[in-house]
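Hi,

Here is the structure I promised to send over. My notes on it follow below.

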Amino acid sequence: MDWTLELIVVPTADIDRAKRFYLDQAGFELLVDVNPGGQFRVVQLTPRGSACAIALMLKEESAGTLEGLHLAVPDIEAARAELVGRGAEVSDFFHFPDGQQTPGLDPERRSYGSFFSFSDPDGNGWLVQEVKRPAKAG
């Protein structure tokens, strides 16, 4: 039996502000934005190419509490340039030789070796890591 992770709830103090950030600066795609009535609103977005989406939840007391959400990209330099071009504030590149965070890209550009980070307006933290996967046979 397959078990798939398909949705992660991201707490926010302002759904509209978070939605704008994920669409405009992080480049996510909008899946749904519905308000069936009252205080309940469902906003789901997904990173391009991902099978897992995020759901923005209005929860002021928990806003900014998520850390270490990972996005995998095949070209970390292009990914960082895209986010910077969209106006997102991102960290410099870093890697972990001998388990210590060190500035710069992994010198050998190994999969899972190079990172940068960013946070949404509430402070929820994301890591972007370079993962080189074999091309799919077509």
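V10 sits opposite L56 of β4; strands here are DSSP runs of E with at least two residues, helices are runs of H or I with at least four, and both are numbered from the N terminus. β1 and β4 run parallel and are joined by six bridges (two strands pair if DSSP finds at least two bridges between them). Before you read on: this is a predicted model, where local features need pLDDT of at least 70 and side-chain atom pairs count only at pLDDT 80 or more, while totals for chains, interfaces and linings use all residues. Numbering starts from 1 along each chain as its sequence is written, and side-chain values use heavy atoms, without hydrogens and water.

Both strands belong to an open four-stranded sheet with mixed pairing, in the order β1-β4-β3-β2. β1 (7-12) and β2 (29-37) are the edges: each has a single partner strand, so one side of each has no neighbour in the sheet.

One more to look at is E130, in strand β9. E130 counts as buried because its relative accessibility is 0% (the cut-off is under 20% relative accessible area, with a 1.4 Å probe and protein chains only). Its contacts beyond four places in sequence include R109, R110 and Y112.

Cheers

Notes:
Buried < 20%, exposed > 50% of the residue type's maximum accessible area, 1.4 Å probe, protein only. Contact = heavy atoms within 4.5 Å.
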